[in-house]
Amino acid sequence: MVGMSQSPCPWKRKFQAFTWSSLLLTLLFCISIWSQKHRKIPQNSLPKMSANWLLFLRSFLFAILTHLAAFSTPIHKAPPALNGTNVDRLALLAIKSMIKGDPQGLLTSWNHSSTDFCQWQGVTCSPRHQRVTHLNLTYGGLTGTLSPSVGNLSFLKSIWLFHNSFSGEIPPEIGRLFRLRELRLFYNSFTGNIPATIVNCSNLQILNLGNNNLVGKIPDGIGSLSMLSFLSLHDNILQGGIPPFIANLTLLDTLSLANCQLGGSFPNLFHRLTNLRRLSVAGNNLIGTIPPSLYNCSSLEELRLFDNKLTGRLPKNLGSMMPHLVELWFSNNHIQGNLLSIPATLHVLNLGSNNLWGELPSLSNGSSALILDLSNNYFVGSVHNLVCSNGVNTIEFVDLGYNQLSGVIPECWEKWSSLKVLQLSCNNLSGEIPRTLGSVPLLQLLGMSGNKISGSLPSSLMNLSYLKILGLNKNNLVGIIPPWIGTKLTMLKILNLRSNNFYGNTPNQLCYLSHVQMLDLSHNNLSGNIPRCFNNFSVLSGKETNLEVRFSFNFGSIVYFVRDLLVMKGREDTYGSILGLVTLLDLSSNNLSGQIPSELTTLHNLQSLNLSRNQLTGEIPNKIGAMKSLESIPTGTQIQSFSESSFFGNKLCGSPLTNDCGHVDKPDTTSHQKEVAGSHKVDWGLIISIVLGFITGFWVIVVSLILNRSWRITYFRLMRKLIKV
């Protein structure tokens with residue numbers, strides 16, 4: 001090891017010195033004894049000489065022992081103290097030793113044979129001191145715990161370990177890192193409390209511990225980190241409310257405490273943070289009134305308070321009070337008020353599920369709105385002011401569902417060139433579907449269910465080639481189901497035309513909807529046969545595995561989850577985040593006739609099949625039991641998931657129905673199967689015949705053995721041989 005080298009053969013010289021000096025001392029001792037033995041000493045000097053001799057001898061022996069101890073003890077050169085670079089290297093190796101999984105091989109270069117740790121992946125050193133200043137192991141899928149040795153990297157300025165699977169507690173030794181400026185551990189599985197020692201990291205500017213499993217209160221010491229500009233603890237299991245010391249962090253630019261179950265009231269302190277641009281305390285069950293002073297935070301650009309229980313009124317002059325506001329998220333609260341105008345700077349206005357009222361505002365020229373969610377409120381009147389505004393060309397998402405809007409939907413949709421999602425469901429809208437909706441080229445979701453819309457489907461809708469979800473159920477639509485739905489809207493995954501007045505045959509062109517997961521044509525006046533080509537539904541049949549698990553739309557960092565009303569097992573429920581897990585085919589309550597196509601039994605991924613209340617005839621296909629995704633009860637076969645009521649109104653026979661199919665002519669090849677599977681009565685004649693035959697045969701054998709001696713001898717010899725074997 002460097003710094004530990006010694007001169008050649010040091011032990012040899014030491015041994016020689018020890019040997020010669022010992023011999024010399026021994027020789028001197030012998031000479032002293034001999035000289036004392038042969039000297040003539042006067043009698044009167046003996047006591048004095050004896051005392052001197054004893055003193056000499058004791059000193060001599062002490063010298064010998066000291067000499068012996070000095071040369072017999074091995075002499076090692078003291079190891080040099082570990083310098084800073086050695087400390088860093090050992091600390092990094094200790095960190096690696098606590099990491100149990102490294103699927104991407106980020107730590108492959110971290111090994112004992114490599115001394116230049118500054119070249120290891122994820123490690124950055126200062127050019128002057130060659131000390132570790134930056135540790136970056138992000139998105140590596142790493143598992144294990146974070147070693148306390150991280151506290152020995154005393155020159156660290158930043159730790160980036162986000163998007164891994166670290167578990168265990170955050171080591172309190174992090175508090176030793178007084179040079180630390182950034183600690184980013186978000187998206188891991190750290191547990192335990194936030195270490196109180198973090199107060200010692202006085203230079204900390206960014207603290208992001210979001211998306212972990214941390215518990216307990218937020219340490220009060222964080223309030224003394226005066227350099228902090230970014231504090232994110234979202235998606236943990238914290239308690240104690242929003243801490244008042246937040247007001248001390250006057251340099252804060254971003255504060256995210258969302259989804260932490262903090263509880264408590266909304267504090268009146270944020271107006272003191274004059275540099276605050278982003279504030280998110282959503283999903284914390286906060287109660288009480290939003291303090292009016294919050295709207296005086298003129299620097300705010302993003303304000304997210306959704307999913308709480310907050311009350312208060314929305315200020316009428318919101319735009320002038322918060323001139324830089326870009327995103328406003330107040331949904332799922334109890335906010336009151338009406339909207340007279342929307343700030344032109346807003347990209348996101350999410351006020352859904354509150355107690356807002358009044359008419360919809362208009363958007364002025366220069367508006368940069370992208371997302372507008374006013375759903376589940378008490379807005380009334382026409383949609384004309386909003387739909388026909390001049391500032392709608394940038395909007396990508398609109399949800400006005402579950403209000404009390406009324407009147408005709410205007411023909412102004414050619415202005416909405418960026419629109420991808422339009423949700424108008426559950427209002428009192430009337431009139432026909434606007435033909436100009438066909439000029440919205442990027443539209444992927446069109447929801448108008450639960451209104452009073454009449455007329456037929458305009459042919460202009462065939463231009464919506466990106467459409468994935470079409471929900472027009474519970475209206476007064478009439479006419480035939482146009483064939484172009486299948487040939488032009490081939491990306492459809494949900495087609496819901498339930499509870500309208502469509503008539504005519506079910507078009508075979510619907511079979512081109514290979515990606516469809518939910519097809520509901522129930523409660524109409526459709527007639528004719530069920531198309532046999534429904535086995536072309538590749539998702540329902542399992543040929544295509546691209547099942548849309550979660551129906552969602554992404555708008556930058558914002559994700560919108562689709563919700564819809566579906567009827568499953570006779571119940572109508574709203575499906576949201578699990579909507580994509582449902583596969584459904586509902587043709588019930590129509591006038592369909594003919595037999596159930598056996599091709600339906602190839603839809604192995606289908607969960608819900610409803611054909612009840614039609615005019616169908618014939619047998620239920622035998623292979624329906626092969627539809628393994630059909631929901632069933634644990635005690636029976638797949639077919640038992642269908643109650644008899646599911647087939648009411650038809651002229652069907654066979655299990656699980658009580659109507660026996662015995663009168664139906666069947667080929668000879670399956671008659672025996674029907675008799676075996678369908679016979680449940682006890683045939684006593686057959687049983688008596690078997691018993692009598694057994695008794696007769698038994699006595700015939702016994703009488704023969706009694707009367708014929710040779711047979712009897714032969715029989716018993718055979719039995720003995722069998723017994724021996």
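Begin by selecting L442, Y466 and M491, which together make a nonpolar surface patch of about 260 Å². A patch here is made of residues with over 30% relative accessible area and no salt bridge, where like charges are joined within 9 Å and nonpolar side chains (Val, Leu, Ile, Met, Phe, Trp, Tyr) within 5 Å; the accessible areas come from the Shrake-Rupley method with a 1.4 Å probe, and for residues only the protein chains shown count as cover. (Buried means under 20% relative accessible area, exposed over 50%, and partly exposed in between, with a 1.4 Å probe and protein chains only.) Helices (H or I, at least four residues) and strands (E, at least two) are DSSP runs, numbered from the N terminus.

Before you go on, note that this is a predicted model, in which local features need pLDDT of at least 70 and side-chain atom pairs count only at pLDDT 80 or more, while totals for chains, interfaces and linings use all residues. Residues are numbered from 1 along each chain as its sequence is written, and side-chain values use heavy atoms, with hydrogens and water left out.

Next, select Q130, found in the loop between β2 (123-125) and β3 (132-136); Q130 has a positive phi of about 55 degrees although it is not a glycine, and it is partly exposed at 34%. Then move to Y187 in the loop between β7 (182-184) and β8 (191-193), where phi is near 55 degrees, again a positive value in a residue other than glycine.

Now turn to charged pairs. Side chains of opposite charge can pair when their charged atoms come close. A salt bridge is a side-chain nitrogen of Lys or Arg within 4 Å of a carboxyl oxygen of Asp or Glu, and the structure holds 10 of them. Select D88 and R131, whose side chains meet in a salt bridge (2.9 Å, N to O). This pair links distant parts of the chain, with D88 in helix α3 (residues 84-97) and R131 in the loop between β2 and β3, 43 residues apart. Are D88 and R131 buried or exposed? D88 is buried, and so is R131.

Select E327 and R304 after that, for their side chains meet in a salt bridge too (2.7 Å, N to O). E327 belongs to strand β18 (residues 327-329) and R304 to strand β16 (residues 302-304), 23 residues apart. E327 counts as buried at 10% relative accessibility, whereas R304 is partly exposed at 22%.

The last stop is inside the protein. A cavity is, on a 1 Å grid over the protein atoms alone, a set of points where a 1.4 Å probe fits but cannot get out, and lining residues have an atom within 4 Å of a point. Grid points are joined across faces, edges and corners, and a volume is the space filled by probe spheres set on the points. By this rule there are four cavities of 30 Å³ or more, and about 140 Å³ of space lies in the largest cavity. Select Q423, S425, S449, R563 and D564, which are the closest to its centre of the 14 residues that line it.

Methods
1 Å grid on protein atoms, 1.4 Å probe; cavity = no way out; pocket = protein on both sides within 12 Å on 5 of 7 lines; lining within 4 Å.
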